[in-house]
Amino acid sequence: MNQPISLLLVDDDHHLAQSMADWLHEQGMQVAVASDAAQARSQLSSTSFDILLTDLRLGSDDGMDLIRFSRKAQPETAVLVMTGYATPDTAVAAVREGAFDVLTKPLIDEELALAMDRAMAQRDIAKENESLKKQLDRRSGLENILSHDYRMLKIFDVIDNVADAKASILITGENGTGKSMIARAIHGRSSRRGGPFVEVACGALPDTLLESELFGHVAGAFTGAAVDKVGKFELATGGTLFLDEIGTASPAMQVKLLRVLQEFQFERLGGTETQSVDTRVILATNENLQQQVASGAFRQDLYYRINVVNIQLPSLRERPGDIPILAEHFLREASETSGRPINGFDADAMDRLQRYQWPGNVRQLQNVVERAVLLSRDADLTVEDLPPEVLGHADPLAAPTPSNNANEPSFAPRLGDVQGKSLRDALEGPERQIILQSLRRHNWNRAATADALEINRTTLYKKMKRLGLDDPRLQFSS
């Protein structure tokens, strides 16, 4: 059963107010009466009303002040104004202050009833719009993160809980799992969503440039610094700064980051003036920072500072049930972009997609789907449209064909070379030779090399740095 409309009637004419209140009671409304602005403010402060019906002249009080008070105390209350001295300017002023309508005394019953119906209908529409807005806000930032996996659903709950927290958030997971999208989702769900979202790939920049990129610099700080530059921390103030591949930061940069994450203050490179920012920081890495802390490669105090909340993204091979909906999503996007009508993958092709291990995770799946759409001759995609590695034709553990160049040793490690070593250490030699050969084949073009190796450029830069391949002298060696 619907609740009766509650109405506060404010008029300093006692007899008129009582007569109107009786009529409103007959219409099934709950009516409270106030004879002056002070009584009305008291009732508005303690009781919720659907409608405020007030005269503009309340003895020595101004009805406009009461309208303003009502809009602050009870913004959802619809305000109707009645006056015997209405002019066009009066009506405009009342509406500007928040009144829904202005009625002229003496009031006609039908006119008042119609005005109240319209006011309530308008309020219901506003409430519905607000409800829809909240639903949209709840999905904000998650519309492109498709998953039915329980691990991802738990992560969505974590995003809800931490979206407005000022504490730093660390997102971990393999390359291609969507760390950047999760960071954007956190920003989109937060009260900072109206502010900037600034992303920095830490692994793609050497220390000097990274410091300038993050903190800015003053003119003359280094060769080529002709003018002052604002850093990303300042550009992201009021919003979110996303630091990707934080595990690649040098010890010196880690010290600077620790200070700014503790105090949100820093000096621009070459400057002495302290800058203060209101920036929310989200960090990401595919490295095991606990192992790096244990080995001394990553500062323990910085690790605890950034690891207040850790969101661990599962790999795609851990959630094969998500592959069909992700593949369908990427297929629709690729089909629309290319202008090729595609129905989808047949059962055998989808089975192959779900059985593949996806070392490149979601990013690799997107690449495979786009490739299939572009190269397919039919609207139905089959196993013939999948690349060899997905079909198992290429053995990822097989040693690459040795180079004819005598200066480039075979990639396959001998058993004696790997005994007693960790898997990572044992594979460093072959990995270095594969990357070096590809760099030379592409004339040290890093973008082309990354594409050929099917990894992103940030990963390539990080591997080159770890394997000692970022030395410029290597480009001129035989």
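A polar contact is here a pair of N or O atoms within 3.5 Å, of which, within protein, one must be able to donate a hydrogen and the other to accept it, while residues adjacent in sequence count only if both atoms are side-chain atoms. By that rule the side chains of His-217 and Ser-212 are joined by a polar contact of 2.7 Å, and the side chain of His-217 also reaches the backbone oxygen of Val-227 at 3.3 Å.

The model is predicted, with local features needing pLDDT of at least 70 and side-chain atom pairs counted only at pLDDT 80 or more, whereas totals for chains, interfaces and linings use all residues. Residues are numbered from 1 along each chain as its sequence is written, and side-chain values use heavy atoms, with hydrogens and water left out.

**The chain as a whole**

The chain holds 20 helices and 16 strands, where helices (H or I, at least four residues) and strands (E, at least two) are DSSP runs numbered from the N terminus. Of its 478 residues, 42% are buried, a term that stands for under 20% relative accessible area, against over 50% for exposed and in between for partly exposed (1.4 Å probe, protein chains only). Contacts, meaning heavy atoms within 4.5 Å, join residues at least 24 apart in 69% of the cases where the partners are at least 6 apart in sequence.

**The surroundings of His-217**

His-217 lies in the loop between H8 and helix H9 (232-235), and it counts as buried because its relative accessibility is 7%. Leaving aside neighbours within four places in sequence, His-217 is in contact with Ser-212, Phe-222, Ala-225, Val-227, Asp-228, Lys-229, Arg-268 and Leu-269.

**Strand pairing**

Two strands are said to pair if DSSP finds at least two bridges between them.

| Strand | Partner | Bridges | Example of partners |
|---|---|---|---|
| S8 (residues 169-172) | S13 (residues 280-285) | four | Leu-170 and Leu-283 |
| S1 (residues 6-10) | S2 (30-34) | five | Leu-7 and Val-31 |

In a regular strand the side chains alternate between the two faces of the sheet.

Strands S1 and S2 belong to an open sheet of five strands in the order S2-S1-S3-S6-S7, with parallel pairing. S2 and strand S7 (101-104) stand at its edges with a single partner strand each, so one side of each is left without a neighbour in the sheet.

**Nonpolar cores**

A nonpolar core is a set of buried Ala, Val, Leu, Ile, Met, Phe, Trp, Tyr and Cys residues joined through side-chain atoms within 4.5 Å. The largest has 29 residues, of which Leu-214, Phe-215, Phe-233, Leu-243, Ile-246, Leu-257 and Ile-306 touch the most other members. Among the elements that give two or more residues to this core are helix H8 (207-215), strand S10 (240-244), helix H10 (251-263) and S13, and H10 gives the most, with five residues. Not counting residues up to four places away in sequence, Leu-243 touches Val-200, Cys-202, Leu-214, Leu-257, Val-281, Ile-282, Leu-283 and Ala-284. A second, separate core of 24 residues includes Leu-326, Leu-331, Val-368 and Leu-386.
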